[in-house]
Amino acid sequence: MCGRQARLMSGEQPGYREPDIFEIVHCDFCGTAYAMPPMIDNGLYEFIYLNSHRLPGYMRYAGYSKRVLSEPDPLAYLASAEDVYWAIGKHLEDVPREARILEVGCGLGYLTYAISRRGYRATGMDISRKAIEEASRNYGNMYLCADLIELSSHATCSYDVIIMTEVIEHLPDPVGFIRAAQMLLRKGGYIIVTTPNRSIYHDSVLWQTETPPVHLWWFSEKSLLYMGNRMGFEVCFTAFKEYSTLHPIRRRCELSLSLPTRGPVLKANGNLVNEDEERKIIFRFQKNFLKKALFKIVNQFVRAKDMTRGGSRRSVICAKFTPSPEIQKRQ
Ligand SMILES: [Zn+2]
């Protein structure tokens, strides 16, 4: 992202499904990590979508999609459940109700629905037909099954805010994707991007995010700053201090900080590698004092690093990409 030479960090990163193996390339300067070869495995996505109720990391999405229907203020509920949605809600505090908002990669559609319930004209878009059908069935007619790159080539600038939560890390070409989103912005509009945060981990941690090819990138704050600036955006990060005070980092998240990398989730036949993965990790930790000590040190290091920013970092980055006046003139 910064234009400097990246180095091969490992040739043996396990993929999401056994026996896939990926290379991890890392830029020591901007802290961007990416997986090689870059590929989209639509079959795997479809599998994850259909099995989200039993896959670690995805189960909660199915829960949110049901729960929002019974909440008086679904966005407030999501904001209390997860830092990503809290950040989105924070941004929307400054957005007038007549604004048109597009959520790209809306998946099950609950965030788009929550935003619409606040009175915005919200549209959710996803490339998965099944996801869009289910979202429309649950929440009504505010969804679009489309490919952003294709849509941007013939649609006009029509949105005030474009939201992409946890999308860019899945894409072989995140830069081209954000550029396409920019084509759909009205004058004065901006893009909000969230993605897992590599900045809170030590450089020696290889890959502590969803294993490839589900996630192909692991970005740091510097990565997004370089990416945005090179494309002509002003980049501004959300400070999570307020959220962190309300919801201190949970044990589950702290635990993963000391693991050097992530293993596969699925066996080749589609069964889970470890049904009780989390429980076993906790058990192993309790048995192994050396690991426990290491965990403490890494955790303290991360916290100390975080303190210098006033506790404002989380395991997710939320960045606002505002087109600079020069690109706006070209629009
Ligand atoms: Zn770099």
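**Entry 1: helix H4.** I began with helix H4 (residues 83-92), where 8 of the 10 residues are buried, so the helix is largely enclosed by the rest of the structure. I take a residue as buried if 20 or more other C-beta atoms lie within 10 Å of its own, as exposed if 12 or fewer do, and as partly exposed in between, with C-beta atoms placed from the backbone. Helices (H or I, at least four residues) and strands (E, at least two) are DSSP runs, numbered from the N terminus. The model is a predicted one, in which local features need pLDDT of at least 70 and side-chain atom pairs count only at pLDDT 80 or more, while totals for chains, interfaces and linings use all residues. Residues are numbered from 1 along each chain as its sequence is written.

I listed the buried residues of H4 as Asp-83, Val-84, Tyr-85, Trp-86, Ala-87, Ile-88, Gly-89 and Leu-92. They pack against helices H3 (74-81), H5 (110-117) and H10 (241-246), and against strands E7 (159-165), E8 (185-196) and E11 (316-323); a contact requires C-beta atoms, placed from the backbone, within 7 Å.

**Entry 2: Val-84.** I then looked up Val-84, which is found in H4 and counts as buried because it has 23 C-beta neighbours inside 10 Å. Not counting residues up to four places away in sequence, Val-84 touches Thr-165, Glu-166, Thr-194, Val-316 and Cys-318. For Glu-166, which is 82 residues from Val-84 along the chain, I noted a C-alpha separation of 8.7 Å.

Entry 3: Leaving aside neighbours within four places in sequence, I found Ala-181 in contact with Val-104, Leu-148, Ile-162 and Ile-191.

**Entry 4: an open sheet.** I traced an open sheet of 4 strands in the order E1-E2-E3-E9, with antiparallel pairing, where two strands pair if DSSP finds at least two bridges between them. Strands E1 (7-14) and E9 (217-218) stand at the edges with a single partner strand each, so one side of each is left without a neighbour in the sheet. E1 is joined to the antiparallel strand E2 (residues 21-26) by 5 bridges, and the bridge partner of Gln-13 in E2 is Phe-22.

**Entry 5: the whole chain.** I counted 14 helices and 11 strands in the protein chain, and buried residues make up 37% of its 331 residues. Among contacts with a separation of 6 or more, 68% are between residues 24 or more positions apart.

Notes. Contact = placed C-beta atoms within 7 Å.
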